[in-house]
Amino acid sequence: MAAVAAEAAGLLERDSVLGELSDALAEAVARRGRFVLVAGEAGVGKSAAVRAFCAKARGSADVLWGGCDALFTPRPLGPFLDIAEEAGGELATAVNEGAPAVVAALLGLARPGSATIVVVEDVHWADEATLDVLRLLARKLEQAPLLVLATYRDDELDRVHPLRVLLGELATLPQAERLTVPSLSPEAVAELAGSAEVDAGELHRLTGGNPFFVTEVLASGNGTIPPTVTDAVLARAARLSGESRAVLDAVAIVPPEADLWLLEAIAGESMEGLDACLGSGMLRPERAGVAFRHELARLALEASVAPQRKLELHRAALGALGRPPGGAVDVARLAHHAEAAGDADAVLRYAPAAAERAEAVGAHREAAAHYARVLRFGERLSPAERAEFLERRSRACYITDDIDEAIDAVEDALELRRELGQRLEEGESLTWLSTILWCPGRTADSVRAARQAVALLETLPPGRELANAYVHQDWALAERALELAEELSDSELILRIRTIIATRDFANGSEKLEECLELAQAAGITDLAGDASTHLVSRALELHRYDLAARYVDSGLTYFSDRGLELYRFYLLGYRALIELDQGRWDNAAEAAAAVLRIRRASIMPRITGLVVLGLVRARRGDPGHRELLDEAWSLAEPTDELFRMGKTVAARAEVAWLAGDREAVAGITEYPLRLAQEREDRSVLGELGVWRRRAGNGAEVSGAAGPYAAELAGDWREAARQWTQVGCPYEAALALAQADEEKPLWQALTELQRLEARPAAAIVARKLRELGVRVPRGARASTRANAAALTPRELDVLRLLADGAGNATIAERLFLSSRTVEHHVSSILSKLGVRSRGAAVAEAGRLGLLQDP
Amino acid sequence: MQTYAILRRGAWRTPDELQAATARSIELGDKMPDDIRWIRSYVLAERDGELGTVCIYQASSPEAIRLHAYHAGLPVDEIIAVADTVLVRPDPEPVTA
């Protein structure tokens, strides 16, 4: 079974093993026989590698195949019985006569000049007689062109295993060598996982890179332990004594590893079985204890321990961990065993402490899990305590972008606060609810919660809760909130409000927001650092300040990855895709967008961004598959009724309609969002949508746009293009130039669009040029893309001769063309380069780097 | 994987150039077996003796086709998704194997 699964894993990272086997075969044929021991843990793919090698060699070599069996009493000479059945002849009788006869028969099978491969699988299970055959065969290999391959599990040999003796003897023979088939690297596991929605790093950790486990988990695809894995693990455990199995049970319930003192406390007298567990390869020694070689095996065994026995083991672990020899207790482990032992008092004692410890080190996912644990035993808590833990859990879930859980928790808390008549806490929770409702796009609910919070808190004496509610309801109330916060001298709240003001007033300068981010990071207020960082990048992008945006995306990704703040990481990944798109690096943009889209989370904004970017890359290249992406983005953005989410999506849909020449669609798509942008004075969305309407010839009475959009709306395409070029947006610059009605800027636009492989936009510009009476070759030839001016190969030939000072006659002669054709090429070159004379053409070509050799 | 037709018009001047491109294409395609499967190509006789191709590929995305083309130094004029296949007769024998 292991072999089959490993074959499904392909032959990832097996090149070096296969190479060494090929070398050994060549050596066996050319000089003398070779004996290769192929070692590796169970399921690592020894058989798969040997099979692949034999399949390739089968054309030029005979392959004999036998395997040892995992019986308590194996068949004597079992593998050679298999081989005899296939090969017949002398061997069929030899297997009844003993090891020397079998060796003689095998040597007799070898024919000079051709190769024979003898494979014996799983020799860690070999009977004595089989080991004798291998020992004798190895010594006599000098006489015959045989390649003997013996596979075995090197993790299953205890110190007295009979195979060890053979290995020791073979080590001294020059014709013998040992190869180890290694576990897969994290990269190979990621490759195997492919597009499956799994965390490849986690999969590597679970499986230790064992291909059998990896492929089984991927095949089961539902997050549970595959039955095939459970069977394989339990079969291995079943070969051990009762004491050893008791040790395995004990180690299985104290992940990740069992310190020896702890194991002694839990397993007691069974400790004698530990050596056999290590010898069997299921456990491996660790720094201060032992652990399972594969986490997946641990999970399989843990699941197989009987419930009553499990309870006892957890109780014993809880007791022992509460009095560790080192002194300091590990609250996280205690909380785990307390719950498993069903000990409510212990859970309520340890889990809250464990959650706080986790939060302090930025392990928010773990903190959320500990709070959930507290709440499962919550019937012993007072309602106020329960509400408090619900609120804390909500915050931890929010930061890891488990938004649905976060909403459920705070809604439960709200109900408790209402019943208790705790109005201040109720108001605070309402503000919080308003924040998280926004993430999945429930804008209207979010606004309602914020209003309720303000209304409720205004009936109470003013405090930080009210200040917080003000800024959440409306950024325009930030000054009022700040005043309140300053009266209270609440420095954290002041920083939160200043961050919002700095975001709001970002157009006046980025320094204040950058400073808030720095202060939040220094103070360790991670959620505020997250808000500041995503606001900073998003506002920088609106103002086309790409350097600034890129700098904070890079630093933010490092900061948030290190601290498990997934929500903010996804935002920044989306923004990275957007930066790459705008800067004309479309391959990178598509890759970053695809990375965002592989993550399925509750917050919709990063997903919308990913869908829009990938959709635009495809649409701009004229590639299929853009429509469904933009449709999904719109289905997420539209219900939010928010320009922050709708703006880019609407602009992208308008662009697609424009590229398809559908002017009416551009008008329909942009009408409502543009009105909304005008109402809400969103200058960025306003400008972008206004420009699309103008390009499509729809009316665009837009006021208040800024930057390059304002220039283009005013009809100054030259200024718009200049600004786009200045901020490093080549596609946008080309589209601005494309608004011209003169030949030179249109050629410039066409050249740039062809360089970007923006086929649909290039076609639009080419059509416009033709309408001006300019001759544009139908469909620029592919090889012309190598040069910046869309010159054909023949035109380049002519241009190079021009640069050499050749006249028409000479060129015609050299290129076997008529003078008329040369004349025609020259005028085409002049028009493409936007110059009037041959001399100017040569100068311009030199500037564009067209004169280098092809 | 989705099936695509890829147009590469007038990309090569000689059969030798095309052959070199074919070799690079196969080499690169072998390195990304989960993303690209080249099925077949028809070589187009274009103006002035130039050659182009219509290639049928299976691919995980249009981006995978572009990435493959970029690394193999092949131009891409247009990628079109294939909605269905109608097989009437086997392909004619290739001129060169």
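This is a predicted model: local features need pLDDT of at least 70, side-chain atom pairs count only at pLDDT 80 or more; totals for chains, interfaces and linings use all residues.
View 1. On the side of chain B that touches chain A, the elements giving two or more residues are β1 (2–12), α2 (62–72) and β4 (78–81) of chain B; helices (H or I, at least four residues) and strands (E, at least two) are DSSP runs, numbered from the N terminus. That side has 9 charged, 8 nonpolar and 2 polar residues, where Ala, Val, Leu, Ile, Met, Phe, Trp, Tyr, Cys and Pro count as nonpolar, Asp, Glu, Lys and Arg as charged, and the others, Gly among them, as polar. The rule finds 5 salt bridges across the interface (a side-chain nitrogen of Lys or Arg within 4 Å of a carboxyl oxygen of Asp or Glu). D623(A) and R66(B) form a salt bridge through their side chains, at 2.8 Å, N to O.

**View 2. Area buried between chain B and chain A.** About 1,600 Å² is buried between the two chains, 40% of it on carbon and sulfur atoms; buried area is the accessible area (1.4 Å probe) that two parts lose on being put together, summed over both. Contact (heavy atoms within 4.5 Å) links 19 residues of chain B with 17 residues of chain A.

View 3. H161(A) lies in the loop between β4 (146–153) and α8 (162–170) of chain A. H161(A) has a relative accessible area of 13% and is therefore buried (under 20%, with exposed over 50% and partly exposed in between; 1.4 Å probe, protein chains only). Apart from neighbours within four places in sequence, H161(A) contacts H124(A) and E156(A). H124(A) is 37 residues from H161(A) along the chain, and their C-alpha atoms are 8.1 Å apart.

**View 4. Fold of chain B.** Chain B has 4 strands and 2 helices, in the order β-α-β-β-α-β along the sequence. Of its 97 residues, 37% count as buried.

Residues are numbered from 1 along each chain as its sequence is written, and chains are lettered from A and ligands numbered from 1 in the order in which they are written. Local features need pLDDT of at least 70, side-chain atom pairs count only at pLDDT 80 or more, and totals for chains, interfaces and linings use all residues, while side-chain values use heavy atoms, with hydrogens and water left out.
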